[in-house]
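We will go from stop to stop.

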Amino acid sequence: MRAARLIKMVLLLQARPAMTAAELARELEVSERTVTRDAQALSEAGVPVYAERGRAGGYRLVDGYRTGLTGLARGEAEALFLSGVPGALREMGLADAASVARLKVSAALMPSLRDAPTAAAQRFHLDAPAWFQEPAAPPLLPVIADAVWDDRRLTARYRRGETEVVRELEPYGLVLKAGVWYLCARVADAQAFRTYRIDRFTAAEPLAERFGRDEEFDLPGFWAGQAERFARSILRAEIVVRLSSAGLRRLPYAVEPVAARDALAGAGEPDARGWVTVTLGVESEEVAHGQLTALGPEAEVVSPESLRRRFAEDAARLAALYRP
C-alpha cells in the first residue's frame, strides 16, 4: 500500500512543478504528516525530492529528473482508452487503473504539454445515459467486465421472459447504449454470437478456463448489425402516410431511424402541394399513433383506415378544446 503511494507521489511531482503538503495530502488521501514522512523516505531511497519553505514553497523534484516508473501496464493502457467515459469506468471497476494511467501519461509528457489532460477534460464530456432516465449500474457488471478483459469463460444465469436459462459464455465485449449495458458473447456450445442485457443476469461466475478469442471479431460492426436487425424485427406492420416538407424533415426524430430511412428512400415525387407519400414500417398501430402525433398537422395517415379514424377523432377533440 505504501509503495503504491510513494510511486504516485513521485508521478504527481514529476507532472507538476511543485505541490504543497496540503495538495499532496489531498491527492494521496493521507495526512500532511504522512506526506512529510513519505518525502523523507523517497529522499533516503535516492529520489531527489526536496522541500522549499515560504508562501510559494512546496515539494518538488530536482530539475531534469525523470522516473523510470511511467511505463503503462496492460490494464492501465486499456483503461486509458476509456478515460473519456468516467461513469463507465466506475461501473466496471476500472476508475483506479485509469487514474494511475493518466498520472503516468502526465508524468511522461514534456512540461509544455502537461496541461493537455486538463484542457481536454474542460472541453469534452460524454454523458452516455438517455434523457429522463436514472442510470443504475447492474450489480454483476464488474464481474462480467473482469471476464471480458481476461478472456475468461463464465457461467451465467439469464432472465428470459418468465423463465431463467443457464449458459456458458465466451464474453467478447461490452456495449453501453443509452445508459444500458449489453454483453456481446459467443455461446460456448452453439459457437454463435449473441447479445445480452446485463441487468437481466441473475448470476455470473467466471471459470478457470480462458477462451481463444477470434481476432477477426469486430465489436462495433457486430453491434451495428445487431442493432439494425433488432430495429427491423420490431417493425411488424406498415402504414401509408403523406408528409409535408416539414414532416419529412422531422420524421427521423419521431420514428425508428431505420424505418424513417427506408420510408424516405422509397418515397414518391412531391404532389402539387409539395406533400410526399411514404410507406412506413411501424411496430404497431398503437405505437405509430404515439409517434406520428408528434408531427401534428405535418402528417396525414392514408391507411389503414382504423389509424386514420383515430387521428380524425384526435383532430375533432383538439378542435373542440381550442374552439373560441
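**Stop 1: aromatic rings**

This is a predicted model, and ten aromatic pairs are counted in it. Select Tyr-172 and Phe-193. How do these two rings meet? Their centres are 4.9 Å apart and their planes stand at 85 degrees, over the 60 degrees required, so the pair is edge-to-face. Tyr-172 belongs to strand 4 (residues 163-177) and Phe-193 to strand 6 (residues 192-197). The pair links distant parts of the chain, 21 residues apart.

Tyr-172 is buried, with a relative accessible area of 4%. Phe-193, at 25%, is partly exposed.

Next, show Arg-213. Its charged end sits over the ring of Tyr-172, 4.7 Å from the ring centre.

**Stop 2: salt bridges**

Colour the charged side chains. The count of salt bridges comes to 18. Start with the network: select Arg-153, Glu-168, Glu-170, Arg-186 and Glu-209, which salt bridges link together.

Move to Arg-157 and Glu-164. They form a salt bridge, with the closest N and O atoms 3.8 Å apart. Is this pair buried or partly exposed? Glu-164 is partly exposed at 42% relative accessible area, and Arg-157 is partly exposed at 37%.

Go on to helix 9 (residues 219-233) and pick Glu-228 and Arg-232. Their salt bridge has its closest N and O atoms 3.0 Å apart. The two residues are four apart in the helix, so about one helical turn separates them. Both ends are partly exposed: Arg-232 has a relative accessible area of 35%, Glu-228 one of 31%.

Then select Arg-242 and Glu-300. Their side chains meet in a salt bridge, 2.6 Å from N to O. Arg-242 lies in strand 8 and Glu-300 in strand 10, so this pair ties together parts 58 residues apart in sequence. Arg-242 is buried because its relative accessibility is 15%, under the 20% limit. Glu-300 is partly exposed at 27%.

**Stop 3**

In what order do the three strands lie? The order is 9-8-10, in an open sheet with antiparallel pairing. Strand 9 (276-282) and strand 10 (299-303) are the edges, each pairing on one side only. From one strand to the next, the twist averages 35 degrees.

Zoom in on strand 8 (residues 237-243) and strand 9. Seven bridges join this antiparallel pair. Pick Ala-237: its bridge partner in strand 9 is Val-282.

Helix 12 (residues 285-293) lies across strands 8, 9 and 10, running at about 20 degrees to strand 8. Helix 13 (residues 305-322) also packs on the sheet, where it touches strand 8 and strand 10. Its direction makes about 145 degrees with that of strand 10.

**Stop 4: strands 1 and 2**

Finish at strand 1 (residues 49-52). This strand pairs with strand 2 in the antiparallel sense, over four bridges. Val-49 stands opposite Leu-61.

Now select strand 2 (residues 58-61). Which residues cover each side? Gly-58 and Arg-60 are on one side, Tyr-59 and Leu-61 on the other. All four are buried, and both faces of the strand are covered. In a regular strand, side chains alternate between the two faces of the sheet.

How values were computed: Residues numbered from 1 in each chain as written. Predicted model: local features only at pLDDT ≥ 70, side-chain atom pairs only at ≥ 80, totals over all residues. Heavy atoms only, no water. Pairing = 2+ DSSP bridges. Axes fitted to C-alpha atoms, helices over the stretch in contact; angles between N-to-C directions. Contact = heavy atoms within 4.5 Å. Buried < 20%, exposed > 50% of the residue type's maximum accessible area, 1.4 Å probe, protein only. Salt bridge = Lys/Arg side-chain N within 4 Å of Asp/Glu carboxyl O. Phe/Tyr/Trp six-rings, centres within 6.5 Å; stacked < 30°, edge-to-face > 60°. Lys NZ or Arg CZ within 6 Å of the ring centre and 35° of its normal.
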